[in-house]
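Keep the model open as you read.

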Amino acid sequence: MLIIISGVSGVGKNTMINELLKRYMNMYFFKTVTTRQRRQNETDHYFWTEEDFWEAEKRGEFFEYAEVHGFHYGTLYSELEKVASHPENIYIRDLDVHGNVAFRKELEGKVKVLSIFLEAPDNVLRQRLFARGETEERVNVRLQRAEMERTFLGNYDHIVENIDFKKTVATLVKIVDANLKK
């Protein structure tokens, strides 16, 4: 199974993914490539230079790629093949709204896909983004993108508000457990 976690910037996607990874022994992080700088202790991407990214694109190594907040993100075909060839495992990944659509289409009939959109009010997002060191300009860019991302809510299996950490984790565990039983 592949679990896709999407949501607007600052909603806590990585925090929730890390909590789920602690709770499920057969859950693995699905890595993508990015050209942005690594944050402290971050291991959930392959961090590449722009040059390396575009060389791989020329070789046809990407299933999909996009520019998000001024950086490039891409999914390698080799990572998709890993998910499809190990359906007994649970893979989890944060993806943008376009990636969710593309992944669901590509993996249909090959592996179960569960998609969850995390949401929070803009005032909460703004506070979280500033707390992680974003500038006013970057916060505004991220919140503008949030408006577009919210138009894709109908493409998700579940929408979960992430205000209270414990409640959100409990809701996600309940959703994952229910889908593992299907």
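Q: Which residues does Asp96 touch, not counting residues up to four places away in sequence?
A: The model is predicted: local features need pLDDT of at least 70, side-chain atom pairs count only at pLDDT 80 or more, and totals for chains, interfaces and linings use all residues. Residues are numbered from 1 along each chain as its sequence is written, and side-chain values use heavy atoms, with hydrogens and water left out. Contact means heavy atoms within 4.5 Å. By that cut-off, Asp96 touches Ser6, Ala66, Val68, Arg145 and Tyr156.

Q: Is Asp96 buried or exposed?
A: Under 20% relative accessible area is buried, over 50% is exposed, and in between is partly exposed (1.4 Å probe, protein chains only). Asp96 has a relative accessible area of 16%. Therefore Asp96 is buried.

Q: Where is Asp96 found?
A: Helices (H or I, at least four residues) and strands (E, at least two) are DSSP runs, numbered from the N terminus. Strand β7 covers 90-94 and helix α4 covers 97-107. Asp96 is found in the loop between β7 and α4.

Q: How many salt bridges are there?
A: Side chains of opposite charge can pair when their charged atoms come close. A salt bridge is a side-chain nitrogen of Lys or Arg within 4 Å of a carboxyl oxygen of Asp or Glu. By this rule, the count is 15.

Q: What separates Lys22 and Glu19 in helix α1?
A: Their side chains meet in a salt bridge, 3.0 Å from N to O. Lys22 is exposed at 61% relative accessibility, whereas Glu19 is buried at 12%. Both sit in helix α1 (residues 13-23), 3 residues apart, so they are separated by about one helical turn.

Q: How many residues apart are Arg104 and Asp157?
A: The side chains of Arg104 and Asp157 form a salt bridge (3.1 Å, N to O). This pair links distant parts of the chain: Arg104 is in helix α4, and Asp157 is in the loop between α6 (136-149) and β9 (158-161). The two are 53 residues apart.

Q: Which helices hold Arg126 and Glu136?
A: Arg126 forms a salt bridge with Glu136, with the closest N and O atoms 3.3 Å apart. The pair ties together parts that are 10 residues apart in sequence, because Arg126 lies in helix α5 (residues 122-131) and Glu136 in helix α6. The names are α5 and α6.
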